[in-house]
Amino acid sequence: MKRSSGILMHITSLPSRFGIGTMGGSAYEFVDFLFKAGQKYWQVLPIHPTGFGDSPYQSFSTYAGNPYMIDLEVLCEKGLLYLSECENLDWGEDPVQVDFEKIYMNKSKVLRRAFDRGFDPDGEGYVDFLRKNEAWLSDYAVFMAAKENSGMRPWKEWDDEKLVFHDKEAIAEFAEKNSRQVDFYKYIQYIFFGQWEALKAYANGKGVSLIGDIPIYVAADSADAWGNRDMFHFNISNNSVCVAGCPPDFFSNDGQHWGNPLYNWDYLKKTDYGWWMQRLKSLAKLYDMIRIDHFRGFEAYYSIDSGAATAQNGHWVKGPGMDFFSRVKEKLPGLSIIAEDLGFLTEDVHILLEKTGYPGMKVLQFAFDSDSGNAYLPHNYNKNCVVYTGTHDNDTIAGWMVNTPENEVESAKKYAALTTKEGYNWGMIRLAFSSVADLAVVPMQDYLGLPSSARMNRPATLGKNWRWRADREYLSDSLAKKIRELADRYGRV
C-alpha cells in the first residue's frame, strides 16, 4: 500500500433532498471533492439493509444493498418516478439528522411505484443480474417478503413452521404465491447495484478507491442466519445457545451484548470456509479494499450465554486463526484487507495479525491515556498500519477535547503541540498525516470541526445512532485546498 490518505464518510451521511444520503449527485460531488483534496480513499460503513436499531452492523443480509441509499432523482430521470411523488412525502425536518422512521415509512412507497412502472422480468440487464446473484438473491427476496407478510417479525416467529426451518418446498410455494412481492425485492436490488456500480466506476476513474466494511458477524434476524443455521450455534428451537459481544471496556462497564449468533467454526472448517469465501468474493467486487470489523474474533471470540442480561460474564473461545486466513490468501489472492484490531488484544492476536501481513488500525483518541509505550502513539507505529483520528464508534475530535479526562487532553496538547490557532481538530489531523502509517483516514466530521452531536455511534446505546448528515454547504474549494496542502506536505497525495 502506497503512502496515502482518505476520508471516512458513510453514504447515508451525504446531503440529500429526501432525508438520507444516497448514491446520487451528492455522492459524485463528494468523489470530485476527494479528487481535488488529493485523497486516494473513500471509506464507508456497511452498505447492507439495516435492521434493528438502524445499525449498518445489524443487517438483514450480508449481500444485499440498502434500499435507503437508492437515489430517487436518478429514478425520476429514468421515468420510473415523478419528482412530485418524492417531494410530497415527509422525509424529516432536520437537515443534519436522518429520521429513520420516516425513511422507513416513505422510501418503500416510492420504490414500489418505480417497480410497478419499470419491472420487466425479461429485461436483458435484469435477467443477467438474476443469473449472477442467484446464490443469495432468491433467499433474500423470500426472506424479506415473508417478513413483510408477518408484520416484520423475526423469522423465528413466522407462522409457517416449514418456512421457519427453510424447507425448500415451502420456500418454492411461498415464492409462487407471493411472486409480486418477491420480484419487488429482487428488482430493488437490481436498481441498487446498478447505481453502486456506476458510482464505483466514477470514483475509480477519478483515482479514488473505495474501502468497505465487513462486520464479522451476521444479525440473528437475517437471511444469512435463516438459510445457514448449521453455521451457527442454534438449538432445535432456532434460538442461539450463545451470542457475540465484548467484555467491559472503554465504552461500557457492562460490556457490549451484541446478540449476534456465533459461528460454528468446526462446521465452517469442514466446508472449507465456503460461505465466508463467497462472502468475501462478493464484497471484493463492491470495494477496492475491505476493512474486517472485529478482526480479533478470528483469533478468539467472546461468547455470552444467550440468556445473560449483560456481557460481564462471558468467556473467550478460540477462533479459526491462521487456518482461515491461509484459505483466504489461497482462494482470493490479492484481496486487500485492513484488520480492525481494536479492543482487548492478547499476544496471540498480535501474532495472528503479523502472520496475515494485513495492516492494523491505530486510533489517536486512544493514544493519551497511559505512558509513552502506548501502541496508539505515532512514535510506536510501523508503516504497515492505518491511522485514524477516530472511527464511527468514537466521538468527534472537537467533542473528544471537551468530554475526555483533562489529563488525556493535556497529554494530547503537549504531544501534538495542539493550539486553538491551528484548531485542535487540524492538529490531530496533522499528527495522523505526519505519522509513518501508510494510510491516514479522517472522518469528515473532524475536517469540519463538528461537536459530539455529529458523531455516528455511541456503542452500547440504542435510539439515536447512525443519524448524522452533512449540510449542503459542507464541501468547499478552500477546504479541499487545505486538505490537499496537508496531504502534499506529508507525502500522501
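This is a predicted model: local features need pLDDT of at least 70, side-chain atom pairs count only at pLDDT 80 or more; totals for chains, interfaces and linings use all residues.
Strands S4 and S5 pair in the antiparallel sense, over 3 bridges. One of the positions to look at is Gly245, whose bridge partner in S5 is His257.

S4 and S5 belong to an open sheet of 4 strands, in the order S5-S4-S7-S8, with antiparallel pairing. Strand S5, residues 256-261, and strand S8, residues 315-318, are at the edges; each has a single partner strand, so one side of each is left without a neighbour in the sheet. Ignoring direction, neighbouring strands here are turned by 50 degrees against each other on average.

Is Asn238 buried or exposed? Its relative accessible area is 4%, and the cut-off for buried is under 20%, so Asn238 counts as buried. Leaving aside residues up to four places away in sequence, Asn238 touches Trp155, Lys156, Val164, Phe165 and Arg229.

For contrast, take Glu169, which lies in helix H7, residues 168-177. Glu169 has 66% relative accessibility and counts as exposed. Between Glu169 and Tyr474 there are 53 Å in space, C-alpha to C-alpha, and the two are 305 residues apart in sequence.

Now the other sheet. It is open and has 8 strands, in the order S9-S6-S3-S2-S1-S12-S11-S10, and the pairing is parallel. Its edge strands are S9, residues 337-339, and S10, residues 360-363, each of which pairs on one side only. From one strand to the next, the twist averages 25 degrees.

Let me go through some of the pairings. Strand S2, residues 41-43, pairs with S3 in the parallel sense over 3 bridges, and the partner of Trp42 in S3 is Leu210. S3 is also joined to S6, again parallel, by 4 bridges; there, Ile214 is partnered by Ile292 of S6.

How many of the residues of S3 are buried? The count is 6 of its 6, and the strand is mostly covered. In a regular strand the side chains alternate between the two faces of the sheet. In S3, Ser209, Ile211 and Asp213 point one way, while Leu210, Gly212 and Ile214 point the other way, and all are buried.

Part of the cover comes from a helix. Helix H11, residues 274-286, lies across strand S3, residues 209-214, and strand S6, residues 289-292, and runs at about 150 degrees to S3. H11 has 13 residues and spans 19 Å from first C-alpha to last, close to the 18 Å expected at 1.5 Å a residue. The buried residues in H11 are Trp275, Trp276, Met277, Arg279, Leu280, Ser282, Leu283 and Leu286. Among the elements that cover them are S3 and S6, along with helix H8 (179-205), H9, helix H10 (265-270) and helix H12 (322-331).

The last helix for today is H18, residues 477-489. It also has its span computed: 13 residues reach 18 Å from first C-alpha to last, close to the expected 18 Å. Which residues of H18 are buried? They are Leu479, Ala480, Ile483, Leu486 and Ala487. Viewed down the axis of H18, these fall within an arc of 130 degrees, so they line one face of the helix. On the other side, Asp477, Ser478, Lys481, Asp488 and Arg489 are exposed. The cover over the buried residues of H18 includes S1, helix H1 (25-36), helix H16 (424-434) and helix H17 (444-447).

From H16, the contact uses Trp426, Ile429, Arg430 and Phe433; from H18, it uses Leu479, Lys482, Ile483, Leu486 and Ala487. By type, the residues of this contact are 7 nonpolar, no polar and 2 charged.

One backbone detail to finish: just after H18, Gly491 takes a positive phi of about 70 degrees.

Key: Residues are numbered from 1 along each chain as its sequence is written. Side-chain values use heavy atoms; hydrogens and water are left out. Two strands pair if DSSP finds at least two bridges between them. Helices (H or I, at least four residues) and strands (E, at least two) are DSSP runs, numbered from the N terminus. Axes are lines fitted to C-alpha atoms, for helices over the stretch in contact, and angles run from 0 to 180 degrees between N-to-C directions. Contact means heavy atoms within 4.5 Å. The expected span of a helix is 1.5 Å times one less than its number of residues. Buried means under 20% relative accessible area, exposed over 50%, partly exposed in between (1.4 Å probe, protein chains only). The arc is that of the directions from the helix axis to the C-beta atoms. Ala, Val, Leu, Ile, Met, Phe, Trp, Tyr, Cys and Pro count as nonpolar, Asp, Glu, Lys and Arg as charged, and the others, Gly among them, as polar.
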